[in-house]
Amino acid sequence: MAEADVGAGSDPALAGARFLAMHPTPAFVARLAEGERLAAELRRVILAREAAGGGGLANSNVGGWHSARDMTRWGGPALDAVLGRARAFADRLTVDRQGRPVAVDWRVECWANVNRSGQANKLHTHPGCFWSGTFYVDDGGVPEAPDLGGEFEFFDPRGVGPLLSDAEAAAAAPGAPMDSPLVRPRSGMMVLFPS
Ligand SMILES: [Fe+2]
């Protein structure tokens with residue numbers, strides 16, 4: 001559990017008081033080495049699969065195309081490389097309850113989403129998953145044109161906790177905002193998060 005000084009300033013009543021970050025949410029963002037090359041290759045594979053009518057699902061997608069969850073069978077070498085990086089990151093980011101490295105035999109499920117203008121994935125969770133990950137294959141020009149939207153919005157996961165949030169007030173603790181952080185996609189970028 002992370003702690004920080006309250007910053008008592010001129011108020012002696014707060015001397016020695018500590019903030020406790022009791023439920024911080026770990027998330028991880030990285031631009032992969034060779035990410036743009038892998039993204040370009042995966043873009044080709046995914047669009048070909050979509051064009052061939054490969055088993056789309058109606059799931060979290062609002063419009064768009066959601067492949068079946070069998071992408072490890074057809075994603076090819078570029079997907080293998082991306083999943084290899086994801087495994088390495090997950091290994092690095094996972095420890096036992098004493099904070100020591102731990103070997104996990106990850107079980108992976110993988111699919112593709114294709115969202116064009118006006119399409120998105122709605123708020124959802126991935127029950128039973130320890131880490132979830134997104135690898136952006138094509139940012140659609142969002143970095144140069146932010147008005148296009150398309151951000152990944154992380155909603156507050158703390159059960160009934162978000163009901164206590166207020167549009168005009170938040171805790172004066174470092175790292176404790178009450179809003180929903182946004183991550184703007186970039187081709188070749190990976191995001192890992194608990195969900
Ligand atoms: Fe999802």
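Strand β3 is joined by four bridges to strand β11, which covers residues 189-193, and the two run antiparallel. Within this pairing Arg-31 stands opposite Met-189 of β11. The coordinates come from a predicted model.

The pair belongs to an open sheet of three strands, ordered β3-β11-β8 with antiparallel pairing. Its edges are β3, residues 28-31, and β8, residues 132-135, each of which pairs on one side only. From one strand to the next, the twist averages 15°. In general, the strands of a sheet pair through backbone hydrogen bonds, in either a parallel or an antiparallel manner.

A helix accompanies this sheet. Helix α2, made up of residues 76-92, packs on the sheet and touches β3, β8 and β11. The direction of α2 makes about 40° with that of β11.

The rest of the chain can be set around this unit. The protein has two helices and 11 strands in its secondary structure. Read from the N terminus, the elements follow the order β-β-β-α-β-β-α-β-β-β-β-β-β.

Some overall values complete the description. Among contacts between residues at least 6 apart in sequence, 73% join residues that are at least 24 apart. Of the 195 residues of the protein, 12% count as buried, a residue being counted as buried if 20 or more other C-beta atoms lie within 10 Å of its own. Taken along the principal axes, the box filled by the C-alpha atoms is roughly 70 × 40 × 30 Å.

Definitions and conventions
Residues are numbered from 1 along each chain as its sequence is written. This is a predicted model: local features need pLDDT of at least 70, side-chain atom pairs count only at pLDDT 80 or more; totals for chains, interfaces and linings use all residues. Two residues are in contact if their C-beta atoms, placed from the backbone, lie within 7 Å. Two strands pair if DSSP finds at least two bridges between them. Axes are lines fitted to C-alpha atoms, for helices over the stretch in contact, and angles run from 0 to 180 degrees between N-to-C directions.
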